[in-house]
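Please look over the sequence and the structure shown below before reading the report that follows.

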Amino acid sequence: MAAKAKVFIVKHDYQADHKVFFVDHEYQQKNQQIISPGELVDHDYRADIKVFIVDHDYQASIKIMRKFFPK
């Protein structure tokens, strides 16, 4: 099994490696394996992946259900 991705949520989109949008159904997910399974970290220097949450699906490189988003 692969190691868990360490994920940090940044405040500005230009700081992010990926933009994330939350979807309601599993079939809508896209590239979710990049951050799931994963864990949230409290500092950006500890993160493997930095993400920014967007408001529209067309802006996102990762689409994931909230229940699968790292905690």
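## Strands and their pairing

In which sense do strand 1 and strand 3 pair, and over how many bridges? Strand 3 covers residues 38-40, and its pairing with strand 1 is in the parallel sense over three bridges; here strands (E, at least two residues) are DSSP runs numbered from the N terminus, as are helices (H or I, at least four), and two strands pair if DSSP finds at least two bridges between them. Within this pairing, Lys 6 has Glu 39 of strand 3 as its bridge partner. Strand 1 also runs parallel to strand 4 (residues 49-53), to which three bridges join it, and there Ile 9 stands opposite Val 51.

The model is predicted, so local features need a pLDDT of at least 70 and side-chain atom pairs count only at pLDDT 80 or more, whereas totals for chains, interfaces and linings use all residues. Residues are numbered from 1 along each chain as its sequence is written, and side-chain values use heavy atoms, with hydrogens and water left out.

Val 7 belongs to strand 1, which spans residues 5-9. Because its relative accessibility is 0%, Val 7 counts as buried, a word that means under 20% relative accessible area, while exposed means over 50% and partly exposed lies in between (1.4 Å probe, protein chains only).

When residues up to four places away in sequence are not counted, Val 7 touches Ile 35, Glu 39, Leu 40, Val 41, Ala 47, Ile 49, Val 51 and Pro 70, where contact means heavy atoms within 4.5 Å. His 43 is 36 residues from Val 7 along the chain, and the C-alpha atoms of these two residues are separated by 9.3 Å.

## Salt bridges and a buried lysine

How many salt bridges does the count come to? The count comes to two, a salt bridge being a side-chain nitrogen of Lys or Arg within 4 Å of a carboxyl oxygen of Asp or Glu. One of them joins the side chains of Lys 19 and Asp 13, at 3.8 Å from N to O; Lys 19 is partly exposed with a relative accessible area of 28%, and Asp 13 is also partly exposed, at 37%. Asp 42 forms a salt bridge with Arg 46, with the closest N and O atoms 2.8 Å apart, and Arg 46 counts as partly exposed at 43% relative accessibility.

Lys 63, which lies in strand 5, is buried yet has no salt bridge, and the nearest side chain of opposite charge, that of Asp 57, is 4.1 Å away. Beyond its neighbours within four places in sequence, Lys 63 is in contact with several residues, including Phe 21, Val 23, Gln 28 and Asp 57.

## The aromatic pair

The count comes to one aromatic pair. The ring centres of Phe 22 and Phe 69 are 5.3 Å apart and their planes are at 75°, so the pair is edge-to-face; rings of Phe, Tyr and Trp (its six-membered ring) pair if their centres lie within 6.5 Å, and planes under 30 degrees apart count as stacked, over 60 as edge-to-face and the rest as tilted. Because Phe 22 lies in strand 2 (residues 18-23) and Phe 69 in the segment after strand 5 (62-65), the pair ties together parts that are 47 residues apart in sequence. Both Phe 22 and Phe 69 are buried.

How values were computed
Lys and Arg count as positive and Asp and Glu as negative; His and the chain ends are not counted.
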